Amino acid sequence: MNVIEIKNLTKYYGKSRGIIDVSFDVKQGEIFGFIGPNGAGKSTTIRTLLALIYPTGGSATIFGKDCIKYAPEIMKDIGYLPSEVFYYDGMKVIDLLKYSASFYKKDCSKRIKELSEAMDLYLTKKIDDLSFGNKKKVGIVQGLLHEPKLIILDEPTSGLDPLMQQKFFELLEEENKKGATILLSSHVLSEVQRLCNRVAIIKEGRIIKLETMSALKEENFKRFKIDTAEDIPKNYFQLAGVNDLQIKGKTHSFLFKGNINEITQKLSGIKIANLWVDEPDLEEIFMHYYSKEG
Amino acid sequence: MNIYRQELRAYRKFTIIWTVSLVGLVLLYLSMYSAIAKDADSFIKLLEGYPKEVREAFGMHLESIASLLGFYSFTFTMSTLFGAIQAMILGTGIVSKEVRERTADFLMTKPVSRVRIVTEKLLAAISTIVFTNVIFLIAASIMANVVKTRDFDGGVFLLMTLTLFFVQLMFLAIGLVISVILPRIKSVLPISLAVVFGFFAIAAFGNTSGEEPMRYLTPLKYFDTAYIMKNGRYETPFVVTGIVLVGVAVAVSYFVYRKKNIHAV
């Protein structure tokens with residue numbers, strides 16, 4: 001069964017593009033990743049699903065109901081965490097959570113306690129005094145306190161320290177095991193890889209790829225940066241799978257997709273002064289890889 | 001009614017400050033009355049020294065200003081002006097603040113319709129205005145009875161005082177519709193002051209030019225205290241205009257807000 005069905009969803013802001021002809025489905029019980037560089041249309045899609053903005057064309061259903069027409073009803077079972085959280089001035093954490101809970105016709109006090117303990121959140125502090133990461137925690141608890149059947153997250157991990165990020169992911173996986181469907185937008189490939197079963201990739205307002213995670217995992221990109229101790233030939237790293245090779249003096253940097261062993265073999269043949277291997281963010285991959293597919 | 005309660009809480013300080021100011025103003029004015037009543041003749045002479053245009057712009061009527069109701073009606077121009085500003089700030093801010101303070105994503109992804117959001121916020125705004133007016137009426141009545149030199153018509157006093165509420169309702173509606181139609185309001189105060197003082201300028205100009213149709217342009221002139229004093233009632237055409245104004249503004253607000261895009265900031 002599909003929890004979300006999006007058909008040819010289009011949104012223009014005046015003449016500027018939001019999203020064009022976006023279509024995909026999210027199945028029940030799935031953790032679905034929605035990835036793309038900043039400004040590609042992830043938030044536009046999500047905000048349309050939540051009836052915060054109105055589509056120019058196309059339609060979307062959640063739980064089989066039109067997401068615009070039946071928005072208030074659908075929202076009972078949705079938990080939403082925006083990328084940046086802001087709350088009312090002068091409220092304590094507990095007041096905000098209680099206000100949030102008051103919109104759902106059930107007792108959420110036990111959940112509030114459990115979640116805030118899991119996330120290490122002080123309930124009696126004023127929200128204004130909280131750090132960005134702690135505000136985010138309020139957002140997480142707020143989004144999950146009514147045990148939503150569908151959890152929608154827009155760039156959820158920005159501002160969370162790695163430990164909290166880990167806890168948060170565990171929390172999401174737990175909710176998922178209990179039956180919640182999750183739609184997660186991100187521009188960080190690794191967090192999508194870590195959680196999701198399936199992904200949609202959006203670029204310049206259009207969906208350019210819809211894939212299972214296992215297929216995407218084969219596209220394992222690494223960003224290499226090497227300071228060599230001695231001069232090496234300029235084409236030393238010119239292998240199949242190497243993209244965006246840049247050479248500045250003794251520094252070689254490139255994006256690699258393929259069997260890592262090929263690179264390590266190459267590395268063993270030269271004297272290295274320093275070496276960095278990074279997970280490239282998705283934007284980079286888009287720039288150097290998907291730009292060819294247009 | 002959780003949004004309603006939340007808004008009442010959010011506007012508690014604002015309402016108390018404005019109520020105290022309005023009450024303080026009317027008490028101050030009325031406390032001056034005993035001195036003026038004692039020396040009515042020289043006070044009127046003093047006012048005669050002002051050009052007629054200035055007197056009329058400020059609603060001073062020489063023939064009645066020495067009576068309690070006449071003096072009250074003169075001071076009431078200021079009360080309605082302040083009251084209009086309070087209502088305008090309230091109307092412009094109460095719905096638009098969700099976007100300005102970036103809390104819209106929180107509120108509008110809850111299982112509530114936009115209609116319910118506007119309704120509860122509007123009810124909360126009206127409640128705070130009712131509160132202000134009740135306190136104002138009580139304080140003004142007590143003070144009027146303290147400073148009176150002879151009995152005055154309580155009915156007319158009530159009719160006059162109630163116009164504060166009606167003027168505030170109109171400015172609340174005007175503020176609401178402006179805030180919903182404009183794509184984004186960065187700051188409530190300048191818009192509110194500009195609109196109220198704009199209407200005040202039209203009112204003052206209308207007073208001096210003496211043209212009746214001009215009065216329809218500014219809600220500040222829908223209730224003429226001189227007319228109320230003379231006839232003991234409101235002028236029907238203006239009451240109807242006021243009701244239509246509020247009705248249209250509120251209806252348009254609902255209509256526009258239902259389809260408004262709520263952008264991320």
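This is a predicted model: local features need pLDDT of at least 70, side-chain atom pairs count only at pLDDT 80 or more; totals for chains, interfaces and linings use all residues.

Reader: Now chain A. Which domains does the assignment give?

Author: Domain 1 of chain A covers 2-217, and domain 2 covers 221-293. Taken over C-alpha atoms, the centres of domain 1 and domain 2 of chain A are 35 Å apart.

Reader: How many residues does each chain bring to the contact?

Author: Chain B brings 19 residues and chain A brings 20 residues. On the chain B side, α1 (2-10) and α6 (104-107) each supply at least two residues. The largest share comes from α1(B), with three residues. By class, the side of chain B that touches chain A has seven nonpolar, seven polar and five charged residues.

Reader: On to helices. How do I describe two that pack?

Author: Two packed helices are described by the angle between their axes and the distance between the axes. Take α2 (residues 12-38) and α5 (residues 68-100) of chain B. The angle is about 165 degrees, and the axes lie 10 Å apart.

Reader: Why is α2(B) called roughly antiparallel to α5(B)?

Author: Angles over 145 degrees count as roughly antiparallel. The angle here is about 165 degrees, so α2(B) is roughly antiparallel to α5(B). Their crossing is right-handed.

Reader: Which residues make the contact of α2(B) with α5(B)?

Author: From α2(B), they include B:W18, B:L22, B:Y29 and B:I36. From α5(B), they include B:F71, B:M78, B:F82 and B:Q86. The class count for this contact is eleven nonpolar, five polar and no charged residues.

Reader: At what angle do α5(B) and α8 of chain B pack?

Author: Helix α8 spans residues 154-181. It packs with α5(B) at about 25 degrees, with the axes 7 Å apart. Angles under 35 degrees count as roughly parallel, so α5(B) is roughly parallel to α8(B). The crossing of α5(B) and α8(B) is right-handed.

Reader: And which classes of residue make up the contact of α5(B) with α8(B)?

Author: The contact of α5(B) with α8(B) has 20 nonpolar, twelve polar and no charged residues.

Methods. Residues are numbered from 1 along each chain as its sequence is written. Chains are lettered from A and ligands numbered from 1 in the order in which they are written. Domain bounds come from an automatic or database domain assignment. Two residues are in contact if their C-beta atoms, placed from the backbone, lie within 7 Å. Helices (H or I, at least four residues) and strands (E, at least two) are DSSP runs, numbered from the N terminus. Ala, Val, Leu, Ile, Met, Phe, Trp, Tyr, Cys and Pro count as nonpolar, Asp, Glu, Lys and Arg as charged, and the others, Gly among them, as polar. Axes are lines fitted to C-alpha atoms, for helices over the stretch in contact, and angles run from 0 to 180 degrees between N-to-C directions. Angles under 35 degrees count as roughly parallel, over 145 as roughly antiparallel, 65 to 115 as roughly perpendicular and the rest as oblique. A crossing is left-handed if the near helix is turned anticlockwise from the far one by less than a right angle, and right-handed if clockwise.
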